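Hello,

Here is the structure I promised to send you. Have a look at it first, and then read on for what turned up in it.

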Amino acid sequence: MTGSLQKRYSRYYVVLNLKDEYGKRKQKVINTGLEFKQGNKRRAEKMLRDLLKKYEDTQITICNNILFGDYMIEWLKSREGEIETSTYQGYWHIINHHIAPYFNQRKITLQDITASDIQKYYRKLSDDGLSANTIRRHHANIRKAINDAMKNNIVACNIADRVTLPKANYKRINYYSEEMIEKLLEIVKGTEIETCVYLGVFCGLRRSEVCGLRWKDVDFDNSTITICNTITRGNTLIEKERTKTLSSYRTMPLENELREFMLNLKEIQKQDKELFGSEYADNGYVCVWQDGRSLLPEYVSHRFKEIIQKNNMPDITFHGLRHTCATLLLSKGYDIKLIQEYLGHSSVVTTGNIYAHVQFSSKVAMGASLASIISKV
């Protein structure tokens with residue numbers, strides 16, 4: 001790397017010969033602030049040496065004044081093959097509909113962006129009504145992208161680390177009691193999502209796991225269900241022979257009542273297959289329409305909400321059945337570590353944080369027990 005001093009407008013300027021991200025030569029001119037007079041040349045030469053050392057140590061390249069929004073789009077394209085399709089589609093929406101338009105409209109470049117610029121963007125998102133959790137998802141994209149720019153020696157540091165983030169919101173989890181579950185199972189009887197609800201209640205499955213369950217994953221001989229396949233949907237339908245996380249891959253007991261339900265369902269689907277003949281979509285999935293077509297996660301959620309509203313049931317999401325399953329197990333005294341494995345959470349901390357409300361009720365009971373003992377002393 002080379003550099004020189006130039007005299008412009010009665011001042012000394014440092015001119016560095018660098019390379020941009022494409023390997024092309026690029027000059028960077030820096031005003032020393034020193035006037036062209038006796039004694040300042042030596043000081044300017046020292047500034048030149050210091051700047052050359054700084055840039056040689058970090059090997060920072062000069063980005064061709066790329067707008068920050070354009071960089072975000074290019075960064076995402078470069079990662080397309082490295083991340084899950086559904087994750088990529090979520091990132092694409094955030095960057096193309098929010099981040100890129102905001103920063104490009106303000107002509108903010110990658111190398112000029114400041115923590116203040118990012119802070120103002122988050123403030124605007126908040127003013128527009130976006131939740132703290134959503135803003136934190138935007139931040140995750142921005143931070144990852146700038147971090148990659150730092151690794152590639154395009155920027156010197158990750159200024160996203162200097163931003164103050166809103167605190168994550170704790171969302172109250174709604175769930176059903178035993179009595180409400182009995183009522184729910186009654187009102188979904190005969191509907192196309194009856195099987196989905198059974199699996200949600202008895203196994204605490206996510207909707208992607210419910211829709212991805214195949215008959216080959218159900219072992220009637222050993223009375224088990226193996227959760228190893230999922231169906232999700234972003235911009236396209238995504239079928240994956242894997243689960244959300246490694247711990248989500250699990251084998252669960254096929255309890256007697258659920259086992260009988262599944263055996264009966266298999267017989268019904270056999271009859272449907274004979275009825276529809278060649279028109280039957282025999283894809284091997286458990287949760288299907290009468291003609292064999294797979295039920296999709298979005299439809300399951302929509303139909304579930306429609307049914308509970310029509311029957312004046314307390315408002316919960318389909319995912320609330322997973323919480324209901326765990327809550328009922330906790331209330332029956334099962335160890336939280338076992339429940340973590342049953343649900344397929346990646347960490348027992350996750351399980352503990354989500355179901356702290358049930359644990360607190362147990363603490364109240366424990367406190368009452370202690371009080372009754374102490375009062376007798």
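Keep in mind that this is a predicted model. Of the 377 residues in the protein chain, 42% count as buried. The chain has 14 helices and 8 strands. If you take the contacts between residues at least 6 apart in sequence, 59% of them join residues at least 24 apart. The accessible surface comes to about 21,700 Å², and carbon and sulfur atoms account for 50% of that.

Now for the inside. In soluble globular proteins, nonpolar side chains tend to be buried together. Here, the largest nonpolar core has 42 residues, and Leu 184, Val 197 and Met 262 are the ones that touch the most other members. Several elements each supply at least two residues of this core: α6 (178–187), α7 (194–203), α8 (207–212), β5 (224–227), α9 (256–276) and α10 (297–310). The largest share, 6 residues, comes from α7.

Leaving aside residues up to four places away in sequence, Leu 184 touches Tyr 176, Val 197, Phe 304, Ile 308, Met 313 and Leu 321. There is also a second, separate core of 32 residues, which includes Ile 83, Ile 99, Ile 142 and Ile 146.

Helix α7 is worth a visit of its own.

Which helix can you see beside α7? One to look for is α11: the axes of α7 and α11 come within 7 Å and cross at roughly 30°. On the α7 side, Val 197, Gly 200, Val 201, Phe 202 and Cys 203 take part, and they meet Leu 321, Arg 322 and Cys 325 of α11. Sorted by class, this contact has 6 nonpolar, 1 polar and 1 charged residues.

One last stop is Thr 327, which sits in helix α11 (residues 319–331). Is Thr 327 buried or exposed? Its relative accessibility is 5%, and because buried means under 20%, Thr 327 counts as buried. A polar atom of the Thr 327 side chain lies 2.7 Å from the backbone oxygen of His 323.

Enjoy exploring, and write back with any questions!

Best wishes

Notes: Residues are numbered from 1 along each chain as its sequence is written. This is a predicted model: local features need pLDDT of at least 70, side-chain atom pairs count only at pLDDT 80 or more; totals for chains, interfaces and linings use all residues. Side-chain values use heavy atoms; hydrogens and water are left out. Helices (H or I, at least four residues) and strands (E, at least two) are DSSP runs, numbered from the N terminus. Buried means under 20% relative accessible area, exposed over 50%, partly exposed in between (1.4 Å probe, protein chains only). Contact means heavy atoms within 4.5 Å. Accessible areas come from the Shrake-Rupley method with a 1.4 Å probe; for residues, only the protein chains shown count as cover. A nonpolar core is a set of buried Ala, Val, Leu, Ile, Met, Phe, Trp, Tyr and Cys residues joined through side-chain atoms within 4.5 Å. A polar contact is a pair of N or O atoms within 3.5 Å; within protein, one must be able to donate a hydrogen and the other to accept it, and residues adjacent in sequence count only if both atoms are side-chain atoms. Axes are lines fitted to C-alpha atoms, for helices over the stretch in contact, and angles run from 0 to 180 degrees between N-to-C directions. Ala, Val, Leu, Ile, Met, Phe, Trp, Tyr, Cys and Pro count as nonpolar, Asp, Glu, Lys and Arg as charged, and the others, Gly among them, as polar.
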